[in-house]
Amino acid sequence: MLEQSVIDDLVALVRRKYPDWNSFSDPSFVDDEVAYKQATVAKAAELLSEERLRSLLTEGRYDAITSAIEKVGKDNNLLYLVYPRSGDLNILYDEKLDKEAFCLAFVDLLYGPGDSPERLDRYVDFIEASGLTNRWTFPTYFLFMCHPKEDVFVKPRVTQEFLKLVGRSDLYAAKPTGVSYRGILDLLRELGEMLAEYGPRDMVDLQSLLWVCGQAEKPEVESERVDMAEFIRRHGGEERLRYRRANRKKACELIAARGKEMTEEEFGDLLTLMDLDFIRGRERGGRFGQAFRGNNRVRMEESAEELIAIVHRLWTASEDQADAVLDDLWSRRIPAAGRLLGSGLMHLRDPEKFTFWSQKLHRGLRSLTEVSAPAKRSLANYLSFNDAAQKFRRENSVPPEAMDIVLTYADEIAEPAGEDPKPSQVFVQRAFELMGGLAENPTKEFYAAHKEEFKGLVERPFQSLIKHVASKLSPTITDVIETEKGVFARIQKNDWGRGGAWPFYWGAFYPKGGKRIRDAQLFAWMNGDCLDFGFFVGEYGAEERSRFEASCRSHGKVLKDLLEASEGAVGLTFGRGASEDEMRGDPELSLDQWLANPIELGARVGMTLSRDQVVELSADELSDRIAAVFEAVFPMFVAATEDDPSQRLAELIETDDPTTNPEIPVSQLASSLGVDEDTVERWVRSIERKKQAIFYGPPGTGKTYTARLLAEHLVGGGAGLVELVQFHPAYAYEDFMQGIRPRTRADGGLEYKVEQGRFLDFCRRAKSVRGRSVLIVDEINRAKLSSVFGELMYLLEYRDEEIPLAGGGRFRIPRDVLLIGTMNTADRSVALVDHALRRRFAFIGLFPEYETLRRFLDKNEFAADGLIGVLEELNAAINDRNYSIGISYFLRKDLEDEIEDIWQMEIEPYLEEYFFDQADKVEEFRWQNVAAKIQS
């Protein structure tokens with residue numbers, strides 16, 4: 001029995017928001033809290049009535065049922081819908097959903113035999129057996145809306161607050177059960193009886209009261225410590241944990257036994273072991289949703305060779321080295337091999353130190369702790385997440401194998417407020433809702449009424465996205481397309497004053513000098529349902545469409561081969577809808593069918609992402625996907641824009657299969673450099689870890705030679721570039737990054753345009769080739785580096801980020817671009833280098849290695865002892881290793897004939913400068929005084 005004091009407390013809490021509240025008919029209370037719920041009740045009575053649902057079941061119209069469920073679910077803000085794939089309606093979008101079985105279970109939930117707690121139990125059994133998400137909000141929301149007199153909506157936190165206030169926390173279960181629901185219903189009915197004087201009409205009134213009380217400001221209370229032992233017991237207990245430990249042991253044994261010799265089939269077994277779980281007495285897959293299943297698994301298995309090598313490296317690395325391997329894995333962005341694979345392997349290595357990592361687990365941890373790192377995939381973010389997760393695990397005595405259970409549940413019960421975009425997110429759901437509203441009311445008035453929202457949520461994000469895409473395209477494409485002028489359309493129609501508006505928004509890259517509405521183009525297009533992007537020929541381009549059709553007949557096989565060979569071609573559809581308001585293709589249409597009749601079927605090939613898929617992607621992920629599709633469909637653009645595309649298509653075939661750089665083994669590299677293999681491997685690890693390094697030392701120690709050979713080793717096996725730029729005191733930001741350059745126009749006048757400097761141009765070209773590319777900056781310390789690098793100073797440290805440039809546009813360093821600098825310490829001491837810059841580079845010292853010189857001279861039959869003895873004496877006299885005489889002066893096959901000239905014309909002038917005030921030292925080491933020793 002509820003105490004009267006509890007009723008008094010509840011009424012007091014309501015009156016904090018509504019001071020004059022004296023009944024459930026209070027106008028402000030009704031307007032704010034009740035009216036919109038009753039409006040949804042009315043909609044549910046129409047769309048989800050028993051008669052209508054049973055009729056649809058009889059007709060087998062399951063899509064109509066799920067559509068009605070979606071409409072009622074989205075009719076107000078009671079459900080959490082910001083991220084559809086994890087929101088309260090996520091069941092409707094689950095790939096595993098058997099619509100027929102689900103619709104039968106749903107209708108039984110609402111109108112089956114027995115009271116609602118019994119029906120809820122049957123529904124829960126179906127959901128659990130189907131591997132679907134089981135939470136309170138979905139079933140109780142629809143019970144509430146369809147039976148507002150008898151059933152209540154169980155919003156977890158609100159319900160828990162109420163139960164805690166009345167001293168009945170024991171009624172709440174973490175996931176829905178009939179017993180728990182019956183207890184909550186009985187308590188709410190009792191509450192309604194005790195509030196009879198205030199006139200409650202139904203559960204809508206009572207739920208609204210609980211919501212207001214939950215939002216009211218309450219005194220702070222000490223938070224209850226979660227009983228983790230009980231939580232783990234309820235979610236599978238020791239049997240589930242034993243199963244997970246056994247699978248971990250099998251996975252470890254597989255990796256240890258097979259290592260880099262693992263077959264693709266065994267790699268598949270490893271993924272299975274990481275995916276399996278044990279729930280409700282049986283083995284099931286999907287421990288981490290679709291991470292190791294379905295298309296994700298197919299894509300990982302396609303990269304099996306590369307991933308097996310990483311598994312082996314990660315397994316055999318020390319803990320410090322493992323960080324570098326993880327960084328390498330995540331910077332490569334291998335398809336589908338995201339956070340879970342790398343972090344999962346670390347968990348297999350040492351579950352006491354490492355936990356699994358995914359966006360879902362990150363959100364769960366954020367709801368439990370104050371972890372501040374973003375979920376964006378990077379080594380630094382994982383280490384921060386893992387530190388916080390392990391701290392939480394130890395403080396709460398959570399077994400290592402249960403951490404993902406705890407964090408998954410924490411994410412599922414979390415209730416973020418509002419529709420705040422994720423970091424770097426392009427579009428939120430409201431953007432698509434605006435476009436959907438425009439489709440229903442395609443008028444200038446509707447656009448004007450929401451103009452600021454359209455600008456802020458649709459047009460500006462869309463334009464920024466497409467500009468971002470342009471920065472990622474290869475020179476092959478950007479050399480021939482317009483990416484700046486006239487790229488974007490307008491929502492308002494130019495219809496001679498009739499006041500119409502297009503129910504979509506689009507942008508397109510078209511041939512330089514052409515027209516967006518007519519020419520062949522690389523387009524992106526969005527309406528209220530989706531984002532579509534790819535290749536298209538404008539409706540008014542009769543000549544272009546005719547040319548494209550002829551090219552498909554003449555060069556169809558080449559076009560097909562090029563498209564199918566492209567990584568960006570996965571998921572493309574062909575043709576387009578008949579309406580101008582529809583761009584998406586026909587998923588049943590094959591590439592062969594489309595190439596045989598491209599104009600009649602629609603001169604479009606592209607990819608369609610649903611609104612739910614789009615809002616889940618960051619700006620970088622979405623622009624990467626669009627750029628990959630543009631690269632894949634570019635041959636179609638060539639076929640539509642050139643009268644004879646034969647030569648250009650042949651060039652694309654060659655570009656698509658670039659010459660592979662020869663692989664240079666570490667042993668060969670060490671032999672060429674005259675150093676041991678361990679040293680070379682340490683240099684390579686340093687560069688792979690930091691992405692940039694500087695070889696420093698005195699003249700003649702082979703810094704540039706070493707940098708060149710090391711660069712060739714790093715690009716081996718790929719098609720990457722190796723280029724060298726030399727800095728000097730006059731070298732500037734405009735030379736290296738970007739700057740305004742005068743150019744002569746056709747009429748003889750001058751124009752001033754912002755042009756890319758050496759580094760931006762190198763990065764632009766490096767993006768279009770496979771594998772690593774290395775830029776060598778010779779004499780890096782001869783320029784004023786902080787001025788030359790500009791924004792690059794930031795990006796060198798934060799490689800995963802993108803920033804605006806001073807001259808316009810946005811830039812990030814491609815993940816496969818490495819920098820190697822050389823620094824002559826006799827020219828300018830390494831100690832003078834800006835500490836901020838030093839933090840961003842690995843510094844590798846090169847000083848005279850006499851044994852390397854000895855091995856070289858022995859091969860070339862020159863007696864080395866005398867020369868080495870003189871060099872040792874000379875460098876001892878210099879007494880500063882930064883100014884030592886290096887050995888590369890003497891690495892000459894004909895040294896016996898050249899030694900005198902080298903000494904008199906290269907060594908002596910250097911000594912005269914260094915010992916400018918010590919003439920006796922210079923005389924001591926002149927040729928006539930050392931020749932006998934050297935030649936002895």
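Predicted model: local features only at pLDDT ≥ 70, side-chain atom pairs only at ≥ 80, totals over all residues.

## Aromatic rings and their neighbours

The rings of Phe-106 and Phe-142 form an edge-to-face aromatic pair, with 5.4 Å from centre to centre and 80° between the planes. The pair joins distant parts of the chain, since Phe-106 belongs to helix 5 (residues 99–111) while Phe-142 belongs to helix 7 (residues 137–146), and the two lie 36 residues apart.

Across the model, the count of aromatic pairs comes to 52.

Another of these pairs is made by Tyr-889 and Phe-890, whose rings are tilted, with 55° between the planes and 6.1 Å from centre to centre. Are these two residues buried or exposed? Tyr-889 has a relative accessible area of 18%, and because buried means under 20%, Tyr-889 counts as buried. Phe-890 has a relative accessible area of 0%, so Phe-890 is buried by that cut-off as well.

Aromatic rings here also meet charged side chains. The charged end of Arg-339 sits over the ring of Trp-357, at 5.6 Å from the centre of that ring. In a second case, Lys-493 lies over the face of Trp-502, with 4.4 Å to the ring centre.

Methods. Residues numbered from 1 in each chain as written. Heavy atoms only, no water. Phe/Tyr/Trp six-rings, centres within 6.5 Å; stacked < 30°, edge-to-face > 60°. Helix = DSSP H or I, 4+ residues; strand = E, 2+ residues; numbered from the N terminus. Buried < 20%, exposed > 50% of the residue type's maximum accessible area, 1.4 Å probe, protein only. Lys NZ or Arg CZ within 6 Å of the ring centre and 35° of its normal.
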